[in-house]
Number of protein chains: 2
Amino acid sequence: MIQVYFLPSLVSADQLAGRTVVVIDVLRATTTIAAALDSGAREVLPLEHVAETRQQAEKLGPHALTGGERRGMKIEGFDLGNSPTEYTRERVAGKSICFTTTNGTRAMQVCRQAQTILLGAFVNFDSLSRRLPDDGNWDVVCAGTDGQITGEDVLLAGALVADFQAKAEQGKASPPVLNDQATLAADLWLGRKLQSLKHADLTQLLKNTSGGRNLIEIGQESDIAWAAQLNHLSVTPQLDCQTWKIIAARSSSP
Amino acid sequence: MIQVYFLPSLVSADQLAGRTVVVIDVLRATTTIAAALDSGAREVLPLEHVAETRQQAEKLGPHALTGGERRGMKIEGFDLGNSPTEYTRERVAGKSICFTTTNGTRAMQVCRQAQTILLGAFVNFDSLSRRLPDDGNWDVVCAGTDGQITGEDVLLAGALVADFQAKAEQGKASPPVLNDQATLAADLWLGRKLQSLKHADLTQLLKNTSGGRNLIEIGQESDIAWAAQLNHLSVTPQLDCQTWKIIAARSSSP
């Protein structure tokens, strides 16, 4: 069964126990973490509070950097904010990023009993979807913003479900059973005829979401176009439940 | 602003204070309450617990009936279940219905500080939508089922928003500002091209929701087709926040 949850509060940790789960925070945590790993960051440690993020970086020493945001803005004294464009090879290659964002971290927390936790964004859509179990047993947790459902996360969830359904129709995967949120998200994506998606269309679509409007408001509009670069990266970030570190998933099958 | 909430848990009572709010529980509470009032029931009292529903009916005396459901089934010793087809003129005309359903009642509770509470269903779509403020300041609370978002409620929310947007495009209403849930719901409805809706299509669509599947499972499939009769009734149920009674809204403007 494919179960989509539009917010972390709509699912409990034990419902996700043992499952393969995709965490989505398109604008911007999961997009930025994908960028960091693609630029050669060794690992990303998702942390809830600012203080523990600083402490963790101090503990790790000189190869560690602090990154993340509060209300979309870079945190005072941190090395990096939450814009994917900051996470260049020059800045982050070989580094451990101690990273704190409010919504993305909360979404990861609810997955703590899952078997496999993957991080999804439009920039790594294909590499992510290739890692989803063919038997149609996986879930999606959308981060949302401050407890509200956000369009950008639901759209990506819908794209993943619709893509899987198309695979099943071609006989390449088992026809999935969906919960209503999965059906709604897929119908939404297909209704937009976004199979034949152009970068400009997706950018425009993301601008009209609450996440998009927030970024425009804080002067970080260019990150929307960045996040809309479908399949720009080939990395799939995976959160290890034991070590609580995000690393690039190995290139073999999941 | 039009704000849609896919579940009562996604909004707090004070966020709805002073607003006009539509409560939706298509399968079946709001459909059935519309049927009861259309059949001449004097009022419907929405109650949370079975015991208080019985007590209230006893207190009101011979002109009162008990109605409602648990897990979709009629409650033992109650006069009526939760099927709209039971609420005929012969049974309910002139009666006070003490009515308990789990999800619908919870959705009404969160509206307790609202200025106007209207109950929505496909069967009373037009009469309801005519009562929504032209200035685009109204909200929708979907009941869902046991804390899960259900497709049938989201679809109707989307139909209401899309209908209002069409009115605004014709200059008959103010162009509304939408929260993301309102945008998603409207896009979903429009993506289905359901403006040109036929009864068979809507019935099929409702069958493929979790509410629809539940009804099929308990042998009450015929209620789905009943609930899909777009504009079959001209009544708009309105919940009075002072008396906590649902009556037919007067025929004048809201």
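Mentor: We will take overall figures, then some strands, then backbone details.

Trainee: What are the ground rules here?

Mentor: This is a predicted model, where local features need pLDDT of at least 70, side-chain atom pairs count only at pLDDT 80 or more, and totals for chains, interfaces and linings use all residues. Residues are numbered from 1 along each chain as its sequence is written, chains are lettered from A and ligands numbered from 1 in the order in which they are written, and side-chain values use heavy atoms, with hydrogens and water left out.

Trainee: How many helices and strands in chain A?

Mentor: Chain A has 10 helices and 10 strands. Helices (H or I, at least four residues) and strands (E, at least two) are DSSP runs, numbered from the N terminus.

Trainee: And why call chain A as compact as a globular protein of its length?

Mentor: Its radius of gyration is 17 Å, close to the 18 Å that the globule rule gives for 254 residues, so chain A is as compact as a globular protein of that length. The radius is taken over C-alpha atoms, and the rule is 2.2 Å times the number of residues to the power 0.38. Along the principal axes, the C-alpha atoms of chain A fill a box of roughly 50 × 35 × 30 Å.

Trainee: What share of chain A is buried?

Mentor: 57% of the 254 residues of chain A. Buried means under 20% relative accessible area, exposed over 50%, and partly exposed in between (1.4 Å probe, protein chains only).

Trainee: Switching to strands. What does S4(A) pair with?

Mentor: S4(A) runs parallel to strand S6 (residues 96-100) of chain A, with 5 bridges joining them. One of the pairs there is A:Leu65 with A:Ile97. S4(A) also pairs with S5(A), in the antiparallel sense, over 2 bridges, and A:Glu69 has A:Lys74 as its bridge partner in S5(A). Strands count as paired if DSSP finds at least two bridges between them.

Trainee: Why is S4(A) described as largely enclosed?

Mentor: Because 6 of the 7 residues of S4(A) are buried, the rest of the structure largely encloses it.

Trainee: What sits between S4(A) and S5(A)?

Mentor: A hairpin turn with 2 residues between the strands, in which A:Arg71 has a positive phi of about 55°. A:Arg71 is exposed, with a relative accessible area of 80%.

Trainee: Where are the cis peptides?

Mentor: One joins A:Leu27 and A:Arg28, with omega about 10°. Another joins B:Leu27 and B:Arg28, with omega about 10°. A:Arg28 is in the loop between strand S2 (20-24) and H1 of chain A.

Trainee: What does A:Ser83 touch?

Mentor: Not counting residues up to four places away in sequence, A:Ser83 touches A:Arg28, A:Thr32, A:Gln220 and A:Asp223. A:Ser83 lies in the loop between S5 and helix H3 (89-92) of chain A, and counts as buried at 6% relative accessibility.

Trainee: And A:Thr31?

Mentor: A:Thr31 is in helix H1 (residues 29-38) of chain A and is buried at 1% relative accessibility. Leaving aside neighbours within four places in sequence, its contacts include A:Asp25, A:Pro84 and A:Trp226.

Trainee: Last one, S8 in chain B. How many of its residues are buried?

Mentor: 5 of the 5 residues in strand S8 (residues 138-142) of chain B are buried. B:Trp138, B:Val140 and B:Cys142 point one way, and B:Asp139 and B:Val141 the other way. In a regular strand the side chains alternate between the two faces of the sheet.

Trainee: Which strands does S8(B) pair with?

Mentor: Strand S1 (residues 2-5) of chain B pairs with S8(B) in the parallel sense over 4 bridges, with B:Trp138 as the bridge partner of B:Ile2. Strand S2 (residues 20-24) of chain B also runs parallel to S8(B), joined by 4 bridges, and B:Val22 stands opposite B:Val140.

Key. Contact = heavy atoms within 4.5 Å.
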